[in-house]
Amino acid sequence: MGVGVQVEVRKKPFINFMEISYNTTVTAISVAILLGNKYKLLYGDLKELTNKLNEAKSKPINFSGDVPQRLIPFFCDSINKNGPYPVVLITEPEHVKEILTKNYVYQKQIHPNPFSKILALGLSKLEEDKWAKHRKIISPAFQVEKLKHMLPAFYQSCSEMISKWEEIIPNETSFELDVWPDFQLMTSEVISRTAFGSSYEEGRIVFELQREQAEHVTDISRTVYIPGTRFLPTKRNKRMLEIKKQVQTTIRRIIDKRLMAMEAGDPSKNDLLGILLESNMKEIEQHGSKDFGMTTIEVIEECKLFYFAGQETTSVLLVWTMILLCLHPEWQARAREEVLQVIGNEKTNFEGLSRLKIVTMILYETLRLFPPVPTYRRRNKDEVKLGELNLPAGVLLFIPTVLIHYDKELWGEDAKEFKPERFSEGLLKATKGHLSFIPFSGGPRVCIGQNFAMMEAKMAIAMILQKFSFELSPSYTHALVASFALRPQYGAPLVMRKL
């Protein structure tokens with residue numbers, strides 16, 4: 001028997017119910033008894049969900065195609081179904097705002113597979129007082145004034161990528177280049193430099209290991225987890241444990257060196273680790289107890305998280321921006337004109353980046369059409385009332401970013417179209433005051449690194465526009481896939497020309 005719940009439905013029924021534990025279905029109703037799919041031992045609806053994802057990934061889509069259907073086909077196809085364990089599909093901006101704002105009431109839904117915890121147990125997976133403590137200690141590292149000191153690291157990494165392109169792209173002729181791997185490498189280099197500064201080479205090793213670990217975790221997450229299997233001495237399990245130990249040992253060595261230098265009176269570095277350690281020491285000294293600070297293990301986990309927070313978000317933002325500028329050469333021309341007018345062919349600096357209004361509009365519109373995280377999940381800790389909806393404790397709340405960003409009621413009939421001019425008067429005007437633009441989430445748990453990502457992306461796009469023009473290669477295949485972030489499944493081959 002299902003759970004009876006009263007639902008307030010909008011003009012278009014976007015608040016729906018689904019079954020979870022991989023038995024996931026959806027319906028749109030006002031008052032009903034919800035009956036879900038028949039329970040299937042262990043697998044539930046996982047096979048159907050996986051089959052639909054594989055089917056969607058097996059073929060590209062047109063640029064005017066249905067992006068939500070490509071990314072979350074099972075949920076789209078599940079409308080008008082329901083189940084005994086409710087999941088509420090939330091797209092009403094006021095409800096989204098309440099969920100993301102009341103982060104102590106609506107908490108993050110952590111993947112049940114324990115293998116997912118091996119990547120990092122940092123800020124993004126913490127709750128309540130522990131989250132608040134870590135957020136307070138980490139926040140100084142991402143203040144704009146601190147980020148200004150990281151611009152040289154941004155510039156150096158971007159310059160290395162640009163120099164590589166200049167070497168392989170002939171003069172006065174075009175050259176096909178898949179920019180996706182280079183963006184991944186460049187953003188990894190940025191994180192290595194900004195996180196560990198002078199320990200950049202060691203940091204680079206850490207992030208290479210983390211990338212391999214992420215591949216293992218991704219593969220495992222696509223299968224049913226059988227309790228206890230993580231303790232089996234399989235080749236993969238042993239390798240994952242080996243990576244975990246090597247990453248911890250390397251970061252601990254970097255931290256120990258930095259702490260010894262700080263105790264000897266050396267000023268803290270203007271990198272993420274240095275600022276984090278300095279902030280942590282101040283918090284402990286202020287309260288006179290280590291309980292108010294982070295342990296070394298917790299600092300290590302936050303360093304591991306830097307990789308995913310910084311590398312994935314920026315690399316996918318850059319690749320989709322380039323693809324959209326290929327599709328809309330008039331905007332590529334406008335952006336280049338602005339860069340040359342504001343910065344010229346000089347070295348990019350903070351003041352110049354802050355004046356790039358058209359580039360910022362383009363980046364915002366890219367984030368709307370291709371949000372790095374296609375969905376967010378929250379679970380209400382206790383029984384709660386959300387609008388007219390009474391939710392028992394433990395309901396999974398599913399916030400589909402892609403549906404909200406493509407909603408015609410919120411964005412107009414041209415919601416599918418690339419129109420950066422939406423943001424010409426800023427975010428507030430573009431969203432009409434609604435929380436309908438959430439590429440970095442929202443509320444107190446809004447992505448702490450969003451300014452970092454935007455600053456890095458602005459610099460990279462500006463530097464590329466200074467040196468190259470580009471268009472889509474005939475070999476480009478438009479296929480989106482949601483991994484840790486929204487990636488191009490078959491890369492991004494572009495036809496590049498030197499200016």
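Contact is taken here to mean heavy atoms within 4.5 Å. The structure is a predicted model, in which local features need pLDDT of at least 70 and side-chain atom pairs count only at pLDDT 80 or more, while totals for chains, interfaces and linings use all residues. Residues are numbered from 1 along each chain as its sequence is written, and side-chain values use heavy atoms, with hydrogens and water left out.

Leaving aside neighbours within four places in sequence, Leu327 is in contact with Phe63 and Leu472. Leu327 belongs to helix α12 (residues 296-327); helices (H or I, at least four residues) and strands (E, at least two) are DSSP runs numbered from the N terminus. The relative accessible area of Leu327 is 29%, so this residue is partly exposed; buried denotes under 20% relative accessible area, exposed over 50%, and partly exposed the range in between (1.4 Å probe, protein chains only). A separation of 9.9 Å is found between the C-alpha atoms of Leu327 and Phe470, which are 143 residues apart along the chain.

The protein chain as a whole contains 19 helices and 14 strands. Of its 499 residues, 53% count as buried. Among contacts between residues at least 6 apart in sequence, 75% join residues at least 24 apart.

Strand β14 (residues 493-498) runs antiparallel to β6 and is joined to β6 by 4 bridges, with Phe175 opposite Met496 of β14.

Strand β10 (residues 396-400) is mostly covered, with 5 of its 5 residues buried. Leu396, Phe398 and Pro400 point one way from β10, whereas Leu397 and Ile399 point the other way. Strand β7 (residues 375-380) runs antiparallel to β10 and is joined to β10 by 5 bridges; the bridge partner of Arg378 in β10 is Leu397.

The axes of α9 (residues 200-221) and α10 (residues 235-263) come within 10 Å and cross at roughly 150 degrees. The two helices are therefore roughly antiparallel, where angles under 35 degrees count as roughly parallel, over 145 as roughly antiparallel, 65 to 115 as roughly perpendicular and the rest as oblique. Their crossing is left-handed, a term applied if the near helix is turned anticlockwise from the far one by less than a right angle, and right-handed if clockwise. The residues that meet include Leu209 and Val217 in α9 and Ile243 and Val247 in α10. The residues of this contact divide into 10 nonpolar, 6 polar and 8 charged; Ala, Val, Leu, Ile, Met, Phe, Trp, Tyr, Cys and Pro count as nonpolar, Asp, Glu, Lys and Arg as charged, and the others, Gly among them, as polar.

The axes of α10 and α11 (residues 272-287) lie 11 Å apart, at an angle of about 60 degrees. This angle makes α10 oblique to α11, and the crossing is right-handed. Ile254, Ile255, Arg258, Leu259 and Met262 of α10 form the contact with Leu273, Gly274, Leu277, Glu278 and Met281 of α11. By class, 7 of these residues are nonpolar, 1 is polar and 2 are charged.

Notes: Axes are lines fitted to C-alpha atoms, for helices over the stretch in contact, and angles run from 0 to 180 degrees between N-to-C directions. Two strands pair if DSSP finds at least two bridges between them.
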